Structures are given as C-alpha cells and as structure tokens.
Amino acid sequence: MGQGDKKPKTDNKAAVKQYMNRIAQAESGNRMFDDKGNIIKNPNGSAKGPFQFIDSTWKAMEQKLGRKLKRDSWEDNVLAMEKLTEININKLEKEGIPVTDGNIYMLHFMGDSGGAQFLKKLAKDPNALAQDLVSADAVKSNKNVFINKATGKPRTAAELYNEMSGRLK
C-alpha cells in the first residue's frame with residue numbers, strides 16, 4: 001500500500017509544496033477560517049487551521065522552530081507544516097517504511113509514533129480493525145474516519161489507509 005504514491009523529499013521543495021497543498025485541501029478545504037471568521041476547527045478535538053494541527057503538535061513545532069507561532073497566520077501554519085513534513089519523512093526513513101504521500105499523511109494524522117506503528121501493523125494484517133490499532137482518543141476525535149459512513153461498520157486498517165490516502169488525490 002502506498003507504493004505508487006508520489007514521494008516528496010525534503011530536498012524537493014516543489015514536491016513538498018504539492019503534498020502540503022493536498023493536505024490543506026483534505027483537512028480544511030484549503031481554508032484558514034470558516035464563514036463566520038473563526039479558525040477552522042475539528043469539533044471533536046483540538047485540531048485547528050488549514051492543516052488541522054492538534055495543540056500538542058502545534059506546541060512541538062513551536063519548540064522545534066524555536067519561536068511562538070500564530071495559529072491564525074497562514075505563513076506560520078505553512079512553516080509548521082514544512083517542519084512536520086520533514087520530521088515525518090525522517091521518521092519513515094528511520095523505520096524503513098516507504099516514503100509516500102499516503103504514509104506521510106498517516107503520520108500527520110496519527111502522530112509520528114502512532115502513525116509508524118499503524119503502518120507496520122497494516123503491513124502485517126490489513127484486515128485488522130483500524131480502531132484496534134490506534135489510541136481511543138484518535139478514534140474519538142475522528143469517528144467519521146474509523147467508521148464507514150455507508151455501512152456503519154468499523155473500517156479495516158486497509159480501508160482506513162485507502163480512505164485517508166485517497167483524500168490526497
């Protein structure tokens with residue numbers, strides 16, 4: 001899975017920018033604010049902004065970048081996303097997991113440790129229920145991802161991966 005995806009490299013700025021544009025489209029419709037002028041937010045968790053950073057990831061990016069970032073600044077969101085993408089690519093390489101858009105997105109969505117563990121478990125058992133491979137908080141904040149809307153049944157790991165990576169096309 002994910003083998004045919006484009007492979008953004010941190011030294012290929014155009015590929016990283018294209019990847020980031022697809023993430024912003026998938027996460028927020030490429031918007032910073034809603035129709036009422038409020039920052040785009042996941043109603044079930046702390047994810048905010050065009051790339052839907054949760055609070056802990058946002059704080060981690062501030063630490064990595066060595067400065068305070070503004071949540072309502074498009075430039076700061078892009079800067080944080082560039083750094084997170086670099087970190088996630090490095091994590092995939094370190095873990096021996098193919099560097100593809102879909103795999104990078106799984107780390108963005110689940111965190112670098114949770115995402116890498118999910119991808120390893122996916123490779124071993126694609127038919128395992130996705131909700132059994134991640135934290136309860138991840139499921140609670142993203143029920144729409146873990147449950148198939150059409151059937152009402154929990155998605156398998158493969159179904160979840162295909163759903164998420166399909167959002168980048």
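Me: What makes the crossing of α3 and α5 right-handed or left-handed in this model?
Reply: This is a predicted model. In it, α3 passes α5 in a right-handed crossing. The term is used because the near helix is turned clockwise from the far one by less than a right angle.

Me: What is I23 in contact with, leaving aside its neighbours within four places in sequence?
Reply: I23 touches P50, F51, M81, Y105, H108 and L168. As for G49, that residue is 26 residues from I23 along the chain, and their C-alpha atoms are separated by 11 Å.

Me: Is H108 buried or exposed, and how do you know?
Reply: H108 has a relative accessible area of 12%. That is under 20%, so H108 is buried. H108 belongs to helix α4. Leaving aside neighbours within four places in sequence, its contacts are Y19, I23, E27, F51, M81, L84 and N88.

Me: How do you know that the span of α1 is close to the expected one?
Reply: α1 has 16 residues. The expected span is 1.5 Å times one less than the number of residues. That gives 22 Å expected, and α1 reaches 22 Å from its first C-alpha to its last.

Me: What happens just after α1?
Reply: G29 takes a positive phi of about 70 degrees. N30 also has a positive phi, about 60 degrees, although N30 is not a glycine. Most residues other than glycine have a negative phi.

Me: Why is N30 called partly exposed?
Reply: Its relative accessible area is 35%. Buried needs under 20%, and exposed needs over 50%. The value of 35% lies in between, so N30 is partly exposed. N30 is in the loop between α1 and α2.

Me: What about Q52: buried or exposed?
Reply: Q52 lies in the loop between α1 and α2. Its relative accessible area is 12%, under the 20% cut-off, so Q52 is buried. Phi of Q52 is near 55 degrees, a positive value in a residue other than glycine.

Me: Which residues of the largest nonpolar core touch the most other members?
Reply: The core has 40 residues, and F118, L119, F146 and L160 touch the most other members. Helices that each supply at least two core residues include α1, α3 and α5. α4 gives the most, with 6 residues. In soluble globular proteins, nonpolar side chains tend to be buried together.

Me: What does F146 touch, leaving aside its neighbours within four places in sequence?
Reply: Its contacts include F109, M110, V134, V139, P154 and L160.

Definitions and conventions
Residues are numbered from 1 along each chain as its sequence is written. This is a predicted model: local features need pLDDT of at least 70, side-chain atom pairs count only at pLDDT 80 or more; totals for chains, interfaces and linings use all residues. Side-chain values use heavy atoms; hydrogens and water are left out. A nonpolar core is a set of buried Ala, Val, Leu, Ile, Met, Phe, Trp, Tyr and Cys residues joined through side-chain atoms within 4.5 Å. Buried means under 20% relative accessible area, exposed over 50%, partly exposed in between (1.4 Å probe, protein chains only). Helices (H or I, at least four residues) and strands (E, at least two) are DSSP runs, numbered from the N terminus. Contact means heavy atoms within 4.5 Å.
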